[in-house]
Amino acid sequence: MTAHTRTSANPAVLVVALEPVGVEGCGVCGALVDQRETARGAGDLSKVQSCNAELVNHPHAEEGEEQ
């Protein structure tokens, strides 16, 4: 008996992407997370990426600094 192996020209690829979560208690971060989830539900991946970029670039004061 000969074992046969099936191969595919396009093997499945699993991509895991981490997303920014924002700072707990920050209203702007919370709103962006909500907008991102609404956009994801609507299939608007461009808006999802935009919200992620805004979360990454949203400034927060360092500990001990006022903003």
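Me: What is a salt bridge, and how many are there by this rule?

Reply: A salt bridge is a side-chain nitrogen of Lys or Arg within 4 Å of a carboxyl oxygen of Asp or Glu. Side chains of opposite charge can pair when their charged atoms come close. In this predicted model, local features need pLDDT of at least 70, side-chain atom pairs count only at pLDDT 80 or more, and totals for chains, interfaces and linings use all residues. Residues are numbered from 1 along each chain as its sequence is written, and side-chain values use heavy atoms, with hydrogens and water left out. By the rule above, the count comes to four salt bridges.

Me: Which residues are linked in a network of salt bridges?

Reply: The network links Glu19, Arg36, Glu37 and Arg40. Arg40 pairs with Glu19, their closest N and O atoms being 2.7 Å apart. Arg40 lies in helix α1 and Glu19 in the segment before α1, so this pair ties together parts that are 21 residues apart in sequence. Helices here are DSSP runs (H or I, at least four residues), numbered from the N terminus. Glu37 meets Arg36 at 3.3 Å, N to O, and Arg40 at 3.4 Å, N to O. Glu37 and Arg40 both lie in α1, three residues apart, about one turn of the helix.

Me: Is Arg36 buried or exposed?

Reply: Buried means under 20% relative accessible area, exposed over 50%, and partly exposed in between (1.4 Å probe, protein chains only). Arg36, at 5%, is buried. Arg40 is partly exposed at 33%, and Glu19 is partly exposed at 31%.

Me: Which residues of α2 are buried, and where do they fall around the helix axis?

Reply: An α-helix has 3.6 residues a turn, so residues three or four places apart point the same way. In α2, Val48, Cys51, Asn52 and Leu55 are buried. Seen down the helix axis, the buried residues fall within an arc of 100°, so they line one face of α2. The arc is that of the directions from the axis to the C-beta atoms. These buried residues pack against α1 (27-41), contact meaning heavy atoms within 4.5 Å. On the other side of α2, Ser46, Gln49 and Asn57 are exposed.

Me: What about Val56?

Reply: Val56 lies in α2 (residues 45-57) and counts as exposed, at 60% relative accessibility. Val56 and Pro20 are 36 residues apart in sequence, and their C-alpha atoms are 6.4 Å apart in space.

Definitions and conventions: Helix = DSSP H or I, 4+ residues; strand = E, 2+ residues; numbered from the N terminus.
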